[in-house]
Amino acid sequence: MSMKEGYKRVRRMTPAMRIIHWVNVFSMIVAVATGLYIAAPYYQTFMADDAVDKYVMAWNRWGHFMVAIIFDVTSIIIAYLFFFSRFEKPWRKVIPTWKNMKEFFEVFLNLVTLNRRKKFDSTHSDSFNSVYFLIFHLLLGWMLLTGLQMYVHGLASGESSIGAWWPWMLHAVTDWTQVASSWMVGSTATGANIMDVRISHHLTMWLVIVWVVFHIYYQVWRTIFWKEGDISIVIGGDKFVKTDKEA
Amino acid sequence: MSVDKEESVKKLFTAESAKVDTNKGDAYYNELYISCQKRIEDLRKLAPLNNRPDFTESIEDQGLERRDFLKWASATTAMLMLPASFTPLVADAAVLMNRVPVIWVELSDCAGNSEALLRSDGPKIDEIVLDIISLEFHETLQAASGHQAEKQMNEAMEHFKGKYLLFVEGAVPLGMNGNYGTIGATGETFVDHLHRAAEGAAAVVAVGSCATYGGIPAAAPNPTDSVGVMDVVKGKPIINIPACPANPSNMVGVILHFVLTGTIPELDSLLRPKFAFGYRIHDNCERRAHFDAGEYVEEWGDEGAKNNFCLYKVGCKGPMTFNNCSIIRYNEGVNWPIGVGRGCIGCSEPDFWDKYAYERPMANANIKAPTGGVEKTVDEFGLGLLTAAGVGIAIHAAASAVAGKKEADEKEDGGEY
Ligand code: HEM
Ligand code: SF4
Ligand code: SF4
């Protein structure tokens, strides 16, 4: 492959990581589109059809839950890779060591000085990006927990098509989100309720959208200003760094 | 704000899942049957309290037949999640309800639950049963007042110490040392009144959402610092029967359960009997097919409303509400809110006044911040945040572009391309 002189290729994302990334992108779009429909059905069905022939809300919920399950599974993989990936060790970048904090700050300065100052190694995933991704995964984790909490109440009988362990486990793992959500939303009553979980789920969606908007902007910005082809990390898996910097 | 977070976290974690166990196995029910039978025998030996009327007579007085009564008994047995073989026991227990003393106190309330207990379009068995319970004290219903009423209550509490069921209607205001609400000639505060009445009770039953969670008196900004009974009374069995008003069938259910078994029914994490609050409105709603189909009432009185479409878009909160009115309905099964074409406002849930009772979907609602009173919608906030992020990015991008161009120009000038 031809490459600009003076640059070398660095591998940044494995095929598995890239697949997960694009699965997440797809899931996110579907989750937002169907989630907003669930929140307030924004298109109408035709009155003339019989109820049995259309299944509009049900399909939206089906889609929402399907991508939710995909999110669940990819989250487990990502959580695993976060700690045990042999390729990269993201957790090492988010612990607040002196070195990491300095790097975090330098990357931030690079962004606000509009690339005038660039005093860090951009070959590998930096501390700023690692923290930023961690925030995303925390937000997504919250979506999962609150979503599953709302979901499990649809299985009121305590049974499900895959057995009673599933609702039992969901209760065990997510019931605390009611209390946590009530605390976040604020409450004057005794006792937590599922409405707070729903409000929190809805609000967190906006935080996720804001996250995505900045994420896309920042990756494009890096590509343009650093001139290291950062955007191709997520497509081909590689970026390019000037070799003289290494020397 | 005296929500005891730690307490409620503990409750959530120690509560069994919301699973409604409708079949606990033959061995369990056989044993229960025998113990219930024994209890009923014991109760039968007691005389009716205060010459309460005999149940069979009241039924006949009202022009109802024994067949109606048996029908009611079998429906109630099902409601309590007992096998059909328990029907005769439930019927016996109903007859013996005049052996269990009940004291009913009212705090910060509208007497709506008392109304629910008394009124319906005609005398129905639930109401008759409630008529014959030995209501030893009920401020609103009794003739006595002032010192006389106080004396009557003290006597009842003394006489039935450790045996009576205490029904509480209304929230407990804690602000200003409890002085937002006082009762009786001595000006006793509601809190003290409640403590005193709970002292000798066998169990405390909070009826209605106010007694359960603070309800409407506790709605934002909760000026009187109102809370529910379970925040005040400790160390007693507490049963919550929320809803606005509480369904008389559920009141009867709880008393019957107590008469029959001598114990309180199985409760969920909010201390609500599972037989009544183990169901989500939305899962037992007759309009659910329209929900799934995406057929919604868009506006009151439109074509969809005439066709009984789902009320989700006019703000039905059935998906987030646990209650059995979608199954047993009100007024002996005559109808219920969604049946008459208006959405559920989540009246049996904590914070319902602030967070459920606006008749719009959550996405279009002005949810009051419970502590502040600032009106803002979740989406407006979200969109605002997004706009702020967008503006920030636009500024950064523009600045970057300018800076980048300058740099390029400089480089060109310097000729070091
Ligand atoms: C980041 C991805 C997600 C987004 C953007 C999202 C968005 C939304 C939105 C906007 C709503 C409507 C809430 C309202 O009524 O205002 C919703 C509802 C819901 N979401 Fe999500 N959600 C996401 C992930 C999940 C996950 C992972 C689950 C897990 C199962 C989930 C389960 C649910 C459930 C159960 C509901 C309620 C639907 C119903 O009761 O019919 N969501 N979601
Ligand atoms: S009317 Fe309410 S409870 Fe019934 S299906 Fe619609 S949203 Fe659910
Ligand atoms: S439909 Fe909802 S608001 Fe109406 S009584 Fe039942 S639980 Fe309460």
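**Helix packing, chain contact and ligand shells**

Mentor: Helix H5 (residues 127-152) of chain A and helix H6 (residues 165-174) of chain A have axes that come within 9 Å and cross at roughly 135°. Helices (H or I, at least four residues) and strands (E, at least two) are DSSP runs, numbered from the N terminus. An axis is a line fitted to C-alpha atoms, for helices over the stretch in contact, and angles run from 0 to 180 degrees between N-to-C directions.

Trainee: Why is H5(A) called oblique to H6(A)?

Mentor: Under 35 degrees counts as roughly parallel, over 145 as roughly antiparallel, 65 to 115 as roughly perpendicular, and the rest as oblique. The crossing is at roughly 135°, which makes H5(A) oblique to H6(A). H5(A) passes H6(A) in a left-handed crossing; that term applies if the near helix is turned anticlockwise from the far one by less than a right angle, with right-handed for clockwise.

Trainee: Which residues make the contact of H5(A) and H6(A)?

Mentor: From H5(A) come Leu145(A), Leu148(A), Gln149(A), Tyr151(A) and Val152(A), and from H6(A) Trp166(A), Pro167(A), Leu170(A), His171(A), Val173(A) and Thr174(A). Contact means heavy atoms within 4.5 Å. Ala, Val, Leu, Ile, Met, Phe, Trp, Tyr, Cys and Pro count as nonpolar, Asp, Glu, Lys and Arg as charged, and the others, Gly among them, as polar.

Trainee: What should I know about the origin and numbering of all this?

Mentor: This is a predicted model, in which local features need pLDDT of at least 70 and side-chain atom pairs count only at pLDDT 80 or more, while totals for chains, interfaces and linings use all residues. Residues are numbered from 1 along each chain as its sequence is written, chains are lettered from A and ligands numbered from 1 in the order in which they are written, and side-chain values use heavy atoms, with hydrogens and water left out.

Trainee: What makes H5(A) roughly antiparallel to H8(A)?

Mentor: H5(A) packs with helix H8 (residues 194-226) of chain A at an angle of about 155°, the axes being 9 Å apart. That angle makes H5(A) roughly antiparallel to H8(A). The contact of H5(A) with H8(A) has 18 nonpolar, nine polar and two charged residues.

Trainee: How do you know that H2(B) and H5(B) are roughly parallel to each other?

Mentor: The axes of helix H2 (residues 26-45) and helix H5 (residues 87-95) of chain B cross at roughly 25° and come within 10 Å. H2(B) and H5(B) are therefore roughly parallel. Here Tyr33(B), Cys36(B), Gln37(B), Ile40(B) and Arg44(B) of H2(B) meet Leu89(B), Asp92(B) and Ala93(B) of H5(B). The contact of H2(B) with H5(B) divides into five nonpolar, one polar and two charged residues.

Trainee: How many residues of chain A are in contact with chain B?

Mentor: 60 residues of chain A are in contact with 74 residues of chain B. The buried area between the chains is about 5500 Å², with 65% from carbon and sulfur atoms; buried area is the accessible area (1.4 Å probe) that two parts lose on being put together, summed over both. Thr188(A), Thr190(A) and Met195(A) supply 14% of the area that chain A buries against chain B, more than any other three residues.

Trainee: Which residues come nearest to ligand 2?

Mentor: Of the 13 residues around ligand 2, His282(B), Cys285(B), Cys310(B), Leu311(B) and Cys316(B) come nearest. A residue is near a molecule or strand if one of its heavy atoms lies within 4 Å of it. The shell of ligand 2 has nine nonpolar, two polar and two charged residues, whereas that of ligand 3 has eight nonpolar, three polar and no charged.

Trainee: What is the phi of Leu114(A)?

Mentor: Leu114(A) has a positive phi of about 55° although it is not a glycine. Most residues other than glycine have a negative phi, and most peptide bonds are trans. Leu114(A) sits in the loop between helix H4 (98-112) and H5 of chain A.

Trainee: Which peptide bond to Pro221(B) is cis?

Mentor: The one from Ala220(B), with omega near 0°. The bond from Cys244(B) to Pro245(B) is also cis, with omega near 0°.
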